[in-house]
Amino acid sequence: MACSDGTFTRVFDIGVEGEESFYAPGDDIFTQPLTMSITKNIPKPPPLPCFTFQRFQASRRTPSSLSRLVVPKEAVETWDKLFKEGFGSDTYVEIDNKSRFLAHSSVLAAASPVMAKLLNKSRDKNGKTYLKIFGVPYEAVYMFIRFLYSSCYEEEEMKKFVLHLLVLSHCYSIPSLKRVCIEVLDNGWVNKENVIDVLQLARNCDATRICFVCFSMVIKDFKSVSSTEGWKVMKRANPLLEQELVEAVIEADTRKQERRRKLEDRKVYLQLYEAMEALVHICSEGCGTIGPRDKALKGSQTVCKFPACKGIEGALRHFLGCKSRASCPHCKRMWQLLQLHSCICGDSDSCKVPLCWNFKVKMKKLSKKEESTWRLLVENIITAKNSLGPFSLPSRPSVLR
C-alpha cells in the first residue's frame with residue numbers, strides 16, 4: 001500500500017484487513033529492500049506547466065481598442081501612454097496642415113522597414129528626423145502611429161477611417177494593421193454604394209479577400225451596383241475594370257445556367273432509373289393489379305415502396321391493350337424504356353422483363369453511333385444514381401439485374 005511519503009511498505013497486505021499476510025517478515029523474499037527496487041521503477045511525474053502570457057483575443061465580430069494584444073494589458077497601456085505623452089521622443093510626424101505629433105524613431109523603424117528608410121533620409125534644419133504623411137486625415141494618421149506602438153484602436157474610429165488605414169498599412173508594410181482593416185471590411189462594411197470604390201482600392205492594396213467579397217457582391221446584385229454613382233465614375237476612369245466585371249457577371253450567369261441544366265438532366269436520369277426499378281418490380285414480383293400470373297396481386301389500395309410504380313403500371317396496361325403500338329407515342333416511350341432496361345440488365349437469360357433478351361440481341365445490330373448513344377445514356381443514369389449516395393434514397397435493395 002502507498003504511504004503518505006510516496007514510498008511503498010515492506011509488506012503487501014493481500015486479502016481482508018486483519019488477516020495474516022502470505023509472507024512473514026523473515027521470509028527470503030523480504031531480504032531485499034522492496035521499497036528501493038519498486039521506487040526506482042516509478043517514472044518521474046512531468047513538470048508543472050509554466051504560465052506564460054497568452055495572446056488576448058476578442059471576438060472576430062466585435063473588435064475593440066484592446067482586441068489585438070500580444071503582451072499583458074499593463075504593458076500595452078504603458079506603450080499607449082508613451083505614444084500619447086511622447087516621453088523621450090526623438091522625431092515627429094507631420095501632417096498636411098503643418099500639424100505634428102511626437103514619436104520615437106526606434107519604434108517606427110522597428111515597426112516598418114519603409115519608415116526606417118524614410119527616417120534616415122528625412123531631417124529638418126536642426127538635424128532632427130521626421131516623417132511626412134500627406135493626403136490623409138489627422139485622425140487616421142494618429143490611429144496609424146498609435147497602432148504601431150500598442151496595437152490599440154477604437155472600434156468606431158476604425159470603421160470611420162478603415163480605408164485610409166488600409167492604404168497606410170499597405171504603403172508602410174504593416175501586415176498586422178492590414179489584417180485588422182480587412183476584417184472590418186469583411187464584416188458588413190461594404191455595401192452596393194461603395195463596393196466599386198472599395199474594389200479599386202483593394203486591388204491597389206493587394207487585399208485579395210476584399211476583392212473577392214466585392215466581386216461576389218457585384219455578381220450577386222449587378223443591376224443595383226451598375227446604377228450607382230461609383231460605377232459611372234469607374235466606367236469613365238477605368239473601362240478595363242468595367243469590362244472585367246461585366247465578363248465576370250456573364251461567366252457567373254453561364255455557370256448558373258449550366259448548373260441548372262445539369263440538375264434538370266440529373267432529375268430526368270433519376271426518374272428513368274426509378275421507372276426501370278418499378279418495371280422490374282412489376283414484372284418479377286407484381287404490384288397492385290398487374291404482375292406475373294404466378295404471383296398473388298396486392299390490389300390497387302396497397303401503397304408501393306417504389307415511387308414510379310403507379311405510373312409504370314398504367315403505362316403497361318396501355319401498352320398491353322393498345323392496337324397501334326408502332327405509331328402510338330405512349331407505346332413508343334414504353335418501347336424505349338424496355339430497350340433501356342436491356343442495356344442495363346446484366347442477366348437477360350433469367351430476367352422476367354418482357355423482350356429483355358430480344359433487345360439485347362438487337363443492340364448488337366445497331367450502328368456504332370446508336371450504340372454509343374444508348375451507352376452514354378446508361379452511364380449518365382448510373383452516375384446520377386450513384387451521386388445520391390447510400391442515404392439519399394429510401395433504403396431498399398436494387399431490383400435491376
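## Exercise 1: the pocket

In the lining of the second largest pocket, α15 supplies the largest share, six residues. This is a predicted model, where local features need pLDDT of at least 70 and side-chain atom pairs count only at pLDDT 80 or more, while totals for chains, interfaces and linings use all residues. Residues are numbered from 1 along each chain as its sequence is written, and side-chain values use heavy atoms, leaving out hydrogens and water.

Task: describe the second largest pocket and its lining.

Step 1. Start with the term: on a 1 Å grid over the protein atoms alone, a pocket is an open set of points where a 1.4 Å probe fits, with protein on both sides within 12 Å along at least five of seven lines, and lining residues have an atom within 4 Å of a point.

Step 2. The space in this second largest pocket is about 250 Å³, a volume being the space filled by probe spheres set on the points.

Step 3. Of its 13 lining residues, Leu-272, Ile-312, Arg-333, Met-334 and Leu-337 lie nearest the centre.

Step 4. At least two lining residues each come from α13 (239-284), α14 (309-321), α15 (329-344) and α17 (368-387); helices are DSSP runs (H or I, at least four residues), numbered from the N terminus.

Step 5. By class, the lining has nine nonpolar, three polar and one charged residue. Here Ala, Val, Leu, Ile, Met, Phe, Trp, Tyr, Cys and Pro count as nonpolar, Asp, Glu, Lys and Arg as charged, and the others, Gly among them, as polar.

## Exercise 2: α14 on α15

Task: work out at what angle α14 and α15 pack, and which residues meet.

Step 1. The axes are 9 Å apart, at an angle of about 110°; they are lines fitted to C-alpha atoms, for helices over the stretch in contact, with angles from 0 to 180 degrees between N-to-C directions.

Step 2. The two helices are therefore roughly perpendicular, a label for angles of 65 to 115 degrees.

Step 3. Ile-312, Ala-315, Leu-316, His-318 and Phe-319 of α14 meet α15 residues including Met-334, Trp-335 and Leu-337, where contact means heavy atoms within 4.5 Å.

Step 4. This contact of α14 with α15 has nine nonpolar, two polar and no charged residues.

## Exercise 3: α13 on α15

Task: which residues of α13 meet α15, and how do the axes cross?

Step 1. The axes of α13 and α15 cross at roughly 90° and come within 10 Å, which makes α13 roughly perpendicular to α15.

Step 2. On the α13 side, Leu-272, Ala-275, Met-276, Leu-279 and Val-280 take part.

Conventions:
Angles under 35 degrees count as roughly parallel, over 145 as roughly antiparallel, 65 to 115 as roughly perpendicular and the rest as oblique.
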